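Hi everyone, thanks for coming. Please have a look at the sequence and the fold on the screen, and then I'll walk you through how the pieces sit together.

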Amino acid sequence: MTSPTDTQGSVTTVYKVSGMSCGHCEGAVSGEISGIPGVGSVRADAATGEVTVVSEAPLDDKAVRAAVDEAGFELVGKA
């Protein structure tokens with residue numbers, strides 16, 4: 001039995017990011033995370049502080065943290 005997050009060679013991970021308050025914030029975080037190799041899509045939601053990332057394989061948490069830091073926000077952890 002396979003997990004729904006691992007179907008068709010993709011993994012979906014939801015991260016909690018603090019400090020996002022608007023669409024510009026969402027774009028900054030999404031843009032930085034999109035630059036990580038293997039990332040297929042990113043959807044940031046300032047209202048919930050959640051960032052949903054679909055990737056080819058599980059991402060290195062250090063790479064995600066560095067991308068969020070570069071955007072000027074703080075990675076709280078996984079949702």
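Let's start with the sheet: four strands form an open sheet in the order β2-β3-β1-β4, with antiparallel pairing. Two strands count as paired if DSSP finds at least two bridges between them. Strands and helices here are DSSP runs, E of at least two residues for strands and H or I of at least four for helices, numbered from the N terminus.

Before going on, a word on the source. This is a predicted model, where local features need pLDDT of at least 70, side-chain atom pairs count only at pLDDT 80 or more, and totals for chains, interfaces and linings use all residues. Residues are numbered from 1 along each chain as its sequence is written, and side-chain values use heavy atoms, leaving out hydrogens and water.

Angles run from 0 to 180 degrees between N-to-C directions, and axes are lines fitted to C-alpha atoms, for helices over the stretch in contact.

Now zoom in on one pair. β2 and β3 (residues 50–55) run antiparallel and are joined by six bridges. Ser41 stands opposite Val54 in β3.

On to the helices. α1 packs on the sheet and touches β2 and β3, its direction making about 160 degrees with that of β2. Contact, by the way, means heavy atoms within 4.5 Å. α2 lies across β1 (11–18) and β4, running at about 145 degrees to β4.

How do the two helices meet each other? α1 (residues 23–34) and α2 (residues 61–71) pack at an angle of about 140 degrees, with their axes 8 Å apart. That makes α1 oblique to α2, since angles under 35 degrees count as roughly parallel, over 145 as roughly antiparallel, 65 to 115 as roughly perpendicular and the rest as oblique. On the α1 side, the contact is made by Ala28, Val29, Glu32 and Ile33, and on the α2 side by Val64, Ala67, Val68, Glu70 and Ala71.

Finally, the whole chain. Along the sequence, the pattern reads β-α-β-β-α-β. Buried residues, meaning under 20% relative accessible area with a 1.4 Å probe and protein chains only, make up 33% of the 79 residues. Thanks, and I'm happy to take questions!

Notes:
Buried < 20%, exposed > 50% of the residue type's maximum accessible area, 1.4 Å probe, protein only.
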